[in-house]
Amino acid sequence: MAKPVSTFRCTECGWTTPKWAGRCGECQQWGTVQDAGQSVGIIRSLKATVLSGEGIARSITHAQTDAAAHWPTGINEFDRVLGGGIVPGSVILLSGEPGVGKSTLLLEVASKAAAAKSRVLYVSAEESVNQVRLRAERTNALQQELYIAAETDLGIILGQIDAIKPDLLIVDSVQTVSSALSDGSAGMPSQVREVASTLIRVAKDRDLPVLLVGHVTKDGSIAGPRVLEHLVDVVCQFEGDRQTSLRFVRALKNRFGPTDEVGCFTMTGEGIEEVPDPSGLFLSRGAEPVYGTCVTITMEGRRAMPVEVQALVTKTSAPNPRRVTSGIDAARVAMLLAVLQERVKMDLSGMDVYVSTVGGIRLTEPAADLAIALAIASAMTGLAIGHEVVAFGEISLAGEIRGTSAAKQRANEAKRLGFSTQVDAVSGSIQSAVAYALTTGQDPRDAELNEAFR
């Protein structure tokens, strides 16, 4: 017979240890190691289950794909991220910061589906039915086929599914629902795992698409056990800044489509609206060019978008000049300042430098290096870069400009938007790029400019 021994297991990642520990040795989480009895030694083998009918494995060529086809939600930007729409029987997890608009987006999805004569069950475990109705009235989401239930007990939610027989289920949120079959309060790893596993089983058995709202921790990761992201079919991240109305939806995991698509939305008083062409959101164009600005083309998933980078350089008497950034990595800007000072011989040691993006977007890819450097150089020299100039390229510490990914797509988008002059890796070095960009549109016989960038 097997001899039972005491084994401790982490509820987050499954790491095991023979002795209890306050902190998991694998995922470094505190308070997740619990006693889980495990038998060692000779264990009797399991008996094989007799299968018949549909339970027997069949050739993959006989599997039907019609039942797994995407059906559109009615929100094109959300469908873009999902790969064409929602797949029956799939479980989609939507996470994001508090107040970013997760519930508003899903209520809009529920309204669109109900308007298409699909029965939708919206389970709100955080708001009452009256509160959800008030938001639905404000966003014009009232539909006859949209059913609302304010429940936190998993058993009652399953009863609601049996009674309503919905075509789409939305649970807001999975961390606030608890099951009587699991110990602990709502939000504990064991509860989240039990609730998610049960809803996933219901979704697969009934071909019922399920949308789950997930909370995030202070570091931005999804709250609850890590296994939650492995159980669901699609994981979407809802991003946005409270100071701006722009919102992005990204797919971190998608079993039915790509994971490099991005959906753009904007929050208004009437709810959330799609932004099919966000080209003008991140540009600030006046009648005449202003020094200290440069436009780049950034890639958000498969979408190319123009972004204007603005820089301001002022003299300072402080021993430590300020380096302030908004929407751009401060360490990246510091590196570019060092390259400009060493390779282009711009003395920035006694200058305060401020660099920002327009519209609240955040630039993280190295392709924006050249636009940032040109904006700083323009602010330093007082020479404006023309409206027709666009720049993208990665800058090395040696002052070389490297090529970027999706260069052809960036160039096509720049041409579509009317940018006739492109500064990129063809320039070769940062010295040549600065000289070319700052003298574009100037008189080539200008001796002062020629001397400055000789």
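Tutor: What follows is a conversation about this chain, which is a predicted model.

Student: Let's start with the overall picture: how many helices and strands are there in the chain?

Tutor: The chain has eleven helices and 22 strands, and along its principal axes the C-alpha trace spans about 90 × 55 × 50 Å.

Student: And what share of the residues counts as buried?

Tutor: Of the 454 residues, 44% count as buried; as for contacts with a separation of 6 or more, 68% of them are between residues 24 or more positions apart.

Student: In what order do the nine strands of the open sheet run?

Tutor: The order is E8-E7-E9-E10-E6-E11-E12-E13-E14, with mixed pairing. Strand E8 (146-149) and strand E14 (271-274) are at the edges, and because each has a single partner strand, one side of each is left without a neighbour in the sheet. From one strand to the next the twist averages 25°.

Student: What about E6 and E11, are they parallel or antiparallel?

Tutor: Strand E6 (residues 91-96) pairs with strand E11 (residues 234-240) in the parallel sense, over five bridges, and leucine 94 has cysteine 236 in E11 as its bridge partner.

Student: Which strands does helix H3 touch when it packs on the sheet?

Tutor: Helix H3 (residues 129-138) touches strand E7 (120-124), E8, strand E13 (262-268) and E14, and its direction makes about 145° with that of E8. Helix H4 (residues 154-164) also packs on the sheet, where it touches E7, E8 and strand E9 (168-172), with its direction at about 160° to that of E7.

Student: Staying with H4, how do its axis and that of H5 cross?

Tutor: The axes of H4 and helix H5 (residues 189-206) come within 11 Å and cross at roughly 15°, which means that H4 is roughly parallel to H5. The crossing is right-handed.

Student: Which residues make that contact?

Tutor: From H4 the contact uses Leu154, Leu158, Ile161 and Asp162, while H5 contributes Glu194, Val195, Thr198, Leu199, Val202 and Arg206.

Student: Changing topic, is threonine 104 buried or exposed?

Tutor: Threonine 104, which lies in helix H2 (residues 102-115), has a relative accessibility of 13%, and because the cut-off for buried is under 20%, threonine 104 counts as buried. Not counting residues up to four places away in sequence, threonine 104 touches Arg135, Thr139, Met267, Gly271 and Ile272.

Student: Now for a loop residue: where does aspartate 347 lie?

Tutor: Aspartate 347 is in the loop between helix H7 (330-343) and strand E18 (351-357). Setting aside its neighbours within four places in sequence, aspartate 347 is in contact with Gln341 and Met380.

Student: How many residues apart in sequence are aspartate 347 and methionine 380?

Tutor: They are 33 residues apart in sequence, and in space they are 9.1 Å apart, C-alpha to C-alpha.

Student: One last thing: which residues of helix H10 are buried?

Tutor: In helix H10 (residues 430-439) the buried residues are Ile430, Ala433, Val434, Ala435, Ala437 and Leu438, and the buried residues of H10 pack against H7, helix H8 (369-381), strand E20 (394-395), strand E21 (401-402) and strand E22 (421-423).

Technical notes:
Residues are numbered from 1 along each chain as its sequence is written. This is a predicted model: local features need pLDDT of at least 70, side-chain atom pairs count only at pLDDT 80 or more; totals for chains, interfaces and linings use all residues. Side-chain values use heavy atoms; hydrogens and water are left out. Two strands pair if DSSP finds at least two bridges between them. Helices (H or I, at least four residues) and strands (E, at least two) are DSSP runs, numbered from the N terminus. Axes are lines fitted to C-alpha atoms, for helices over the stretch in contact, and angles run from 0 to 180 degrees between N-to-C directions. Contact means heavy atoms within 4.5 Å. Angles under 35 degrees count as roughly parallel, over 145 as roughly antiparallel, 65 to 115 as roughly perpendicular and the rest as oblique. A crossing is left-handed if the near helix is turned anticlockwise from the far one by less than a right angle, and right-handed if clockwise. Buried means under 20% relative accessible area, exposed over 50%, partly exposed in between (1.4 Å probe, protein chains only).
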